[in-house]
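Okay, thanks for coming, everyone.

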Amino acid sequence: MKIGYDAYNSPIGLIHVVVDGMGVRKVEIFEKDWIEYKVKNDPIPKDEILCKEVISQLDEYFKGKRRKFDLHLSIQGTDFRKMVWNALQDIPYGETRCYVQIAEYIGNPKAARAVGQANRCNQLPIIIPCHRVIGKRGNLVGFAGNRTPTQKLLLQIEGSI
C-alpha cells in the first residue's frame with residue numbers, strides 16, 4: 001500500500017500528515033510526538049503529491065476558508081472510538097461540547113471518561129476536531145494529554161473563545 005508524509009507550517013506550528021492508499025492516516029501537531037511516530041513507523045517516504053489535498057484543506061482551515069474537511073480517512077480503532085470520532089465530526093465549527101454531551105450523543109451517558117480516552121487516541125486532530133471537546137464547566141482539559149494551550153489556539157481560530 002502506498003504511504004507518504006508531508007509537513008505544513010501552520011499558525012500553531014509544524015503539522016505532519018501521513019496519507020495511505022485509503023486516506024489520511026495521521027495528523028501530528030506536536031513535533032516530539034511526530035519524531036516518536038516516525039521512529040516507530042520508519043520508513044515513511046516524503047510524498048508531497050499524496051499529501052497535497054490534506055495540506056491544502058488544512059491551509060484553508062487556518063485561513064478561515066474551510067469549516068469542515070472533505071477527505072478520505074484511514075481510521076484505525078475500536079468500534080467505540082470510531083463512534084466517538086464520528087460524533088466529534090458532528091460538532092459544528094466554532095462550537096464546543098463537553099465529554100458528557102458526547103457520551104450522551106452516542107447513547108452511552110455514563111461513558112464520559114471513555115470518550116476522553118477516545119479523544120486522546122484520535123490520530124487525526126483538527127480533521128476530527130477533538131479540540132472542540134472541553135470540560136463540563138467550560139474549562140480546557142485533557143487535550144492531547146495536557147496541551148491545552150494548543151487547544152486554546154485552535155478554538156480561538158474558530159472563534160469559540
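Predicted model: local features only at pLDDT ≥ 70, side-chain atom pairs only at ≥ 80, totals over all residues.

Let's begin with Lys-26. Find strand β3, which covers residues 24-28, and you'll have Lys-26. So is this lysine buried or exposed? Buried: its relative accessibility is 7%, and the cut-off for buried is under 20%, so that's how Lys-26 gets the label.

Then what does the side chain of Lys-26 do in there? Glu-28 belongs to the stretch that makes up β3, by the way. Another polar contact, at 2.8 Å, goes to the side chain of Gln-123. Gln-123 also turns up when we skip residues up to four places away in sequence and list what Lys-26 touches: His-16, Val-17, Val-18, Tyr-37, Gln-123 and Leu-124.

Okay, next one: Arg-97. You'll find Arg-97 in strand β4, residues 97-98. How does Arg-97 count for accessibility? Partly exposed, because its relative accessibility comes out at 25%, and that class sits between 20% and 50%.

Which side chain does Arg-97 pair up with in a polar contact at 3.0 Å? That would be Glu-95. Leaving out residues up to four places away in sequence, Arg-97 touches Ile-91, Pro-92, Ile-102, Arg-132, Val-133 and Ile-134. And here's a distance to look at: His-131 is 34 residues from Arg-97 in sequence, while their C-alpha atoms are 9.7 Å apart in space.

Now for the rings. How many aromatic pairs does the structure hold? Six. Take Tyr-61 with Phe-69: their ring centres are 5.7 Å apart, the planes make an angle of 35°, and the pair counts as tilted. Tyr-61 is buried, with a relative accessible area of 0%. Phe-69 is buried as well, at 16%.

Last stop: which residue lies over the face of Phe-30? It's Arg-147, at 4.1 Å from the ring centre.

To recap two of those: Lys-26 is buried and sits in β3, and Arg-97 is partly exposed and sits in β4. That's it from me, thanks!

Terms used:
Residues numbered from 1 in each chain as written. Heavy atoms only, no water. Helix = DSSP H or I, 4+ residues; strand = E, 2+ residues; numbered from the N terminus. Buried < 20%, exposed > 50% of the residue type's maximum accessible area, 1.4 Å probe, protein only. Polar contact = N/O pair within 3.5 Å; in protein donor to acceptor, adjacent residues only side chain to side chain. Contact = heavy atoms within 4.5 Å. Phe/Tyr/Trp six-rings, centres within 6.5 Å; stacked < 30°, edge-to-face > 60°. Lys NZ or Arg CZ within 6 Å of the ring centre and 35° of its normal.
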